[in-house]
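Colleague: I have a model open and would like to go through it with you. Could you start with the spot I keep clicking on, and then work towards the inside?

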Amino acid sequence: MADPDGILGRITIYPVKSLDGIDVDEALVQDGGSLAGDRRWRLVDLDGRVVNAKRTPRIHGVRAAFDLDTRRVRLEVDEAADLPPRCRATAAEFPLVPGEAGPCAWLSAVLAMPVLLEERVEGGFPDDRAAPGATVAAAATLDAVAEWFRLPHAEVRRRFRVNLEVVGPAPFWEDALACPAAADASGTLADRPPAEPRRFAVGGQTWLATGVCRRCPVPTRDSASGRDDGLFRAVFESRRRVSLRGDVDAASWGHLYRLAINTRGLSGSGLIRRGDAVCVLPWP
């Protein structure tokens, strides 16, 4: 058997969309490739429009600690949050349910707008409905971004919110899975032209890499205060251009403000665990 391309080093689930994640040792992969519990809940306003960090930076100031076994969440306002005193609700714990018993009143006070909690058990609320699988990046990719901006690694993780981190591959390894360059005349870059997105396996589960994630304003902001770094995107794209791999075709990207890959599951449901081998599969 060929050596693996990497090892699954971290699994992070984000139970409520735009709130903090929780690291787990194992996760159930659902049909479609999403992780059970990931983005299972989201916030909406009274008109049904999504309330997330793209819409209001106030969400960055909310710290959430989840207990997935009991489906409860403890909420508090970060000390660094850029919020007025009237929005600094006292820390409290709630079941993850809609209505008065759940966290909606607390969140409404902090966000200064009425919000409701919606739940979707199967598949959750992915950003890309055509590619609802787990998002993936090499751990070295996040390390590289941390070095660019002299940020703690944990801060980069909170900003980019990747589900699966792979230890072992070089930075931006995942780009070549989603957007591999076509083979040249000697066939040195791929087994056959035209290049197609690659399949990869984590343990016994298989995904198709479908694209490199376009990024919204969220990563430009401090994850605790919500304050925006106006130069973040320009610096990011400049660094990204210099670090773009030769085996990646970025012609269709439009811009370089992209990081991690979207995926679609190919193998149905099953468990993955930290320490599982990660293998890029041969061309079909």
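Modeller: Gladly, bearing in mind that this is a predicted model. I take it you mean G254, which sits in the loop between α5 (232-243) and β14 (258-265).

Colleague: Is G254 buried or exposed?

Modeller: G254 is exposed, because its relative accessible area is 75% and the cut-off for exposed is over 50%.

Colleague: And how far is G254 from R214 in space?

Modeller: Their C-alpha atoms are 9.7 Å apart in space, although 40 residues separate G254 and R214 in sequence.

Colleague: Let's go inside, then. Which residues have the most contacts in the largest nonpolar core?

Modeller: That core has 29 residues, and those with the most contacts inside it are I11, L35, L164, F200, W207, I261 and I272. Two or more residues each come from β1 (6-13), β3 (26-29), β10 (136-138), β11 (164-167), α4 (175-178), β12 (199-202) and β13 (205-214). Another core, of 26 residues, lies apart from it, and I59, L75, C104 and V218 are among its members.

Colleague: What is I261 in contact with?

Modeller: Leaving aside neighbours within four places in sequence, I261 is in contact with A134, T135, V136, E174, L177, A178, F200, A209, G211, V212 and C213.

Colleague: Changing topic, how many aromatic pairs does the structure hold?

Modeller: There are seven aromatic pairs. In one of them, F160 and F236, the ring centres are 5.9 Å apart and the planes are at 25 degrees, so the pair counts as stacked. F160 belongs to helix α3 (residues 153-160) and F236 to helix α5, so this pair ties together parts that are 76 residues apart in sequence. Both F160 and F236 are buried.

Colleague: Why is the pair of F200 and W207 stacked?

Modeller: The ring planes of F200 and W207 are at 15 degrees, with the centres 5.9 Å apart, so that pair is stacked as well. F200 is buried, with a relative accessible area of 1%, and W207 counts as buried at 0% relative accessibility.

Colleague: Which residues do ring pairs link into a cluster?

Modeller: The cluster is made of W148, F149, F160, F172, F232, F236 and Y257. Two of these, W148 and F149, are also among the buried residues of α2.

Colleague: Then how many residues of helix α2 are buried?

Modeller: Helix α2 (residues 139-149) is mostly covered, with eight of its 11 residues buried; besides W148 and F149, the buried ones are A139, T141, L142, A144, V145 and A146. The cover over them includes β10, α3, β11, α5 and β14. Just after α2 comes R150, which takes a positive phi of about 55 degrees.

Colleague: To finish, what does the chain as a whole look like, in terms of helices and strands?

Modeller: The protein chain has five helices and 16 strands, and its C-alpha atoms fill a box of roughly 65 × 40 × 35 Å along the principal axes. Its radius of gyration is 19 Å, which agrees with the value near 19 Å for a compact globule of 284 residues. Of those 284 residues, 50% count as buried, and among contacts with a separation of 6 or more, residues 24 or more positions apart account for 72%.

Definitions and conventions:
Residues are numbered from 1 along each chain as its sequence is written. This is a predicted model: local features need pLDDT of at least 70, side-chain atom pairs count only at pLDDT 80 or more; totals for chains, interfaces and linings use all residues. Side-chain values use heavy atoms; hydrogens and water are left out. Helices (H or I, at least four residues) and strands (E, at least two) are DSSP runs, numbered from the N terminus. Buried means under 20% relative accessible area, exposed over 50%, partly exposed in between (1.4 Å probe, protein chains only). A nonpolar core is a set of buried Ala, Val, Leu, Ile, Met, Phe, Trp, Tyr and Cys residues joined through side-chain atoms within 4.5 Å. Contact means heavy atoms within 4.5 Å. Rings of Phe, Tyr and Trp (its six-membered ring) pair if their centres lie within 6.5 Å; planes under 30 degrees apart count as stacked, over 60 as edge-to-face and the rest as tilted. The radius of gyration is taken over C-alpha atoms; the globule rule is 2.2 Å times the number of residues to the power 0.38.
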